[in-house]
Amino acid sequence: MTRSMASALLAIFFSGAAISASESLPSADAGTAHESVDPASVPDVLVRRNGTVLPRVSGAAEDYARHCQGCHGHLGDSVVEVPRLKGRVGLFTHSAEGRAYIVQVPNVLQAHLSDARLAALLNWMLREYSGAELPGAFMPYTEAEVALARTHRLGSVIDRRREVIDGLVRLGVVTSPELFTFATDPARY
Amino acid sequence: MVMQVIDKLFERMSRRTAQKMSRRNFVATLGAALAGASMLPVLPVARKAQAAEDPGVEWAKRVGAQTTDPKACNYWRYCSSDGYLCSCCGGGPATCPPGSTPSPTSWVGSCLNPDDGKMYLIAYRDCCGKDSCAQCNCLGTAGEMPTYRPQLNNDIIWCFGGSSMVYHCSSAAIVGQV
């Protein structure tokens, strides 16, 4: 085999690998959680008896449900121990550090999701729970930005969180760090 | 350049075949190869690869999941439930028995409904604040992760954020259709 032929074959092999690794989603990747399922169509004794109406969940909304909802809640607002997303998380995207930080939070960084799916999940989550707090010229996360942010692991998450929030106060995005309080201690943000 | 090399290769192969084999033999071999290729998907290796796709589907088939009796371990929603069924403790698969309270946090998995063949998202939410119920102990492990991935593990007690960390029983609420 000649050298040029070998390199051509290698190029074909690696471009194929790159396509499969990106795991790009179908066009409807925004997902939906607003469609509902007719209880009569669900073969389950209790759903039918109680008339429980379930949402149909797909795409990024499904990834949120599987990876985040258990603790953050389906409304983006849960117990005091879990930082609230609703009406708040979008503020982090006003600074470069904040954009990186919400990717680097341990359970986001380590989620069993590809960079492309994680980007779609973050964009969906930000618009769903905190659309009003996003900057006017909000740039959605791309696969590349998520991949880059994921290469950096935070030392102390709590310390980094404070730095990022103090930065948002300095930028004038928020007037006080109290907005970001979580846990039962009002000094913790 | 590449085409020339491929051309040469095939020419050499077909000449060699023509010299070595009778025509009848060639047709027989080709026929056997085609028939053999169609058999490949039913070999156990291929079937195992398909079954490995979703642990919830595998569980439903293995236990013969059903949709009518929430007091049995093979009720379809329990594919990842580890513990005492709230249905056997005075509650239901999505309601806590009197005296216990639902944990505000849970982990979300998915199970196959055997009657419509669809996947549903299930929130595994413990009922807390009362001594262990100790009725109907079931162990489903579909999609479960080791304890170092606690957000998808069912060995730990899911009472975080509630007023009490005392475990009573396990509930399994449907939270959506996939």
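Biologist: Hi! Which ring does the charged end of R99(A) sit over?
Modeller: In this predicted model, the charged end of R99(A) is placed over the ring of Y141(A), 4.5 Å from its centre.

Biologist: Nice. And what about another arginine, R150(A): where does it lie?
Modeller: R150(A) is part of helix α8 of chain A, which covers residues 143-150.

Biologist: Is R150(A) buried or exposed?
Modeller: R150(A) is buried, because its relative accessible area is 15% and the cut-off for buried is under 20%.

Biologist: Which side chain does the side chain of R150(A) make a polar contact with?
Modeller: That would be the side chain of D115(A), at 2.7 Å. R150(A) also touches several other residues, including V103(A), L109(A) and L118(A), leaving aside residues up to four places away in sequence.

Biologist: What does W76(B) pair with?
Modeller: W76(B) pairs edge-to-face with Y120(B), at 5.2 Å centre to centre and 70° between the planes.

Biologist: Why does that pair tie together parts that are apart in sequence?
Modeller: W76(B) lies in the loop between α4 and β1 of chain B, while Y120(B) is in strand β4 of chain B, so the pair links parts that are 44 residues apart in sequence. Both W76(B) and Y120(B) are buried, too.

Biologist: Back to chain A: which residues form one aromatic cluster with W124(A)?
Modeller: Y64(A) and Y129(A) form that cluster with W124(A).

Definitions and conventions. Residues numbered from 1 in each chain as written. Chains lettered and ligands numbered in written order. Predicted model: local features only at pLDDT ≥ 70, side-chain atom pairs only at ≥ 80, totals over all residues. Heavy atoms only, no water. Helix = DSSP H or I, 4+ residues; strand = E, 2+ residues; numbered from the N terminus. Buried < 20%, exposed > 50% of the residue type's maximum accessible area, 1.4 Å probe, protein only. Polar contact = N/O pair within 3.5 Å; in protein donor to acceptor, adjacent residues only side chain to side chain. Contact = heavy atoms within 4.5 Å. Phe/Tyr/Trp six-rings, centres within 6.5 Å; stacked < 30°, edge-to-face > 60°. Lys NZ or Arg CZ within 6 Å of the ring centre and 35° of its normal.
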